[in-house]
Amino acid sequence: MRSKEAGRRWAADGITANAVMPGGIRTPLQQYAFGEDMSDEARAVYDAYPWRTAAQGAATSALVAGSPLVEGVTGRYFQNSAEASVIDPKELETDIEPVGVAEYELDPVAAERLWELSTAAVSA
């Protein structure tokens with residue numbers, strides 16, 4: 001939502017703002033996150049997760065940062081090297097890694113309100 005409002009506020013200045021989901025990137029750092037104390041259930045989820053390489057994880061950010069395909073595009077959500085489609089919020093709760101964005105995340109009224117609350121919080 002913040003990218004939606006930032007995109008709206010800065011569009012006249014030629015500034016674009018988009019949200020990017022790189023996905024889970026498997027690196028040696030995971031060994032410190034879980035250690036040896038992972039339950040069998042957590043291990044099953046971890047092993048089933050669709051991990052990406054560092055290059056795969058960087059691809060969406062690189063697309064949004066430098067591709068002429070998204071020049072002038074602002075206030076959007078990108079995942080898997082493409083603009084994410086709107087999905088049912090229930091998928092966000094059930095999928096191990098949902099692909100898409102919930103419609104409420106694109107609500108311009110909610111985006112403006114979040115911007116105002118965030119600004120007030122950091123200004124206090």
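## Loop between β2 and β3

The place of Ser81 is in the loop between β2 and β3, strands and helices here being DSSP runs numbered from the N terminus (strands E, at least two residues; helices H or I, at least four). The model is a predicted one, in which local features need pLDDT of at least 70 and side-chain atom pairs count only at pLDDT 80 or more, while totals for chains, interfaces and linings use all residues. Residues are numbered from 1 along each chain as its sequence is written, and side-chain values use heavy atoms, with hydrogens and water left out.

Although Ser81 is not a glycine, its phi is positive, at about 60°. Ser81 is partly exposed, with a relative accessible area of 38%; buried means under 20% relative accessible area, exposed over 50%, and partly exposed in between (1.4 Å probe, protein chains only). Asn80 also lies in the loop between β2 and β3. Asn80 has a phi near 55°, a positive value in a residue other than glycine. With a relative accessibility of 36%, Asn80 counts as partly exposed. As background, most residues other than glycine have a negative phi.

## The three-stranded sheet

Three strands form an open sheet in the order β1-β2-β3, with mixed pairing. Two strands are taken to pair if DSSP finds at least two bridges between them. The edges are held by β1 (19–21) and β3 (82–83), each of which has a single partner strand, so one side of each is left without a neighbour in the sheet.

Strand β1 is joined by three bridges to strand β2 (residues 77–79), and these two strands run parallel. Within this pairing, Ala19 stands opposite Tyr77 in β2.

## Helix α4 and two of its alanines

Ala58 is placed in helix α4. Its relative accessibility is 39%, so Ala58 counts as partly exposed. Ala58 and Asn80 are separated by 22 residues in sequence and by 9.8 Å in space, C-alpha to C-alpha. This relates helix α4 to the loop between β2 and β3.

Ala55 is likewise found in helix α4, which covers residues 54–66. Ala55 is exposed, with a relative accessible area of 60%. Between Ala55 and Ala12 there are 43 residues of sequence separation and a C-alpha to C-alpha distance of 33 Å.

## Salt bridges

Side chains of opposite charge can pair when their charged atoms come close. A salt bridge is defined as a side-chain nitrogen of Lys or Arg within 4 Å of a carboxyl oxygen of Asp or Glu. By this rule the count comes to five salt bridges. Among them is the pair Glu5 and Arg8, whose closest N and O atoms are 2.5 Å apart. Both residues lie in helix α1 (residues 2–10), and Glu5 and Arg8 are three residues apart, about one turn of the helix. Glu5 also forms a salt bridge with Arg9, where the closest N and O atoms are 2.8 Å apart. Glu5 and Arg9 are four residues apart in helix α1, again about one turn of the helix. Glu5 is buried, with a relative accessible area of 2%, whereas Arg9 is partly exposed at 36%.

Another salt bridge links the side chains of Arg113 and Glu116 (3.9 Å, N to O). Arg113 and Glu116 are separated by about one helical turn because they are three residues apart in helix α6 (residues 108–123). Arg113 is partly exposed, with a relative accessible area of 46%, and Glu116 is partly exposed at 36%. Elsewhere, salt bridges that share partners join Glu5, Arg8 and Arg9 into one network.

## Packing of α1 and α6

Helices α1 and α6 pack at an angle of about 90°, with their axes 8 Å apart. The axes are lines fitted to C-alpha atoms, for helices over the stretch in contact, and the angles run from 0 to 180 degrees between N-to-C directions. Helix α1 is therefore roughly perpendicular to α6; the scheme counts angles under 35 degrees as roughly parallel, over 145 as roughly antiparallel, 65 to 115 as roughly perpendicular and the rest as oblique.

From α1, the contact (heavy atoms within 4.5 Å) is made by Arg2, Lys4, Glu5, Ala6, Arg8, Arg9 and Trp10. From α6, it is made by Pro108, Ala111, Glu112, Leu114, Trp115 and Ser118. The residues of this contact divide into six nonpolar, one polar and six charged. In this classification Ala, Val, Leu, Ile, Met, Phe, Trp, Tyr, Cys and Pro count as nonpolar, Asp, Glu, Lys and Arg as charged, and the others, Gly among them, as polar.
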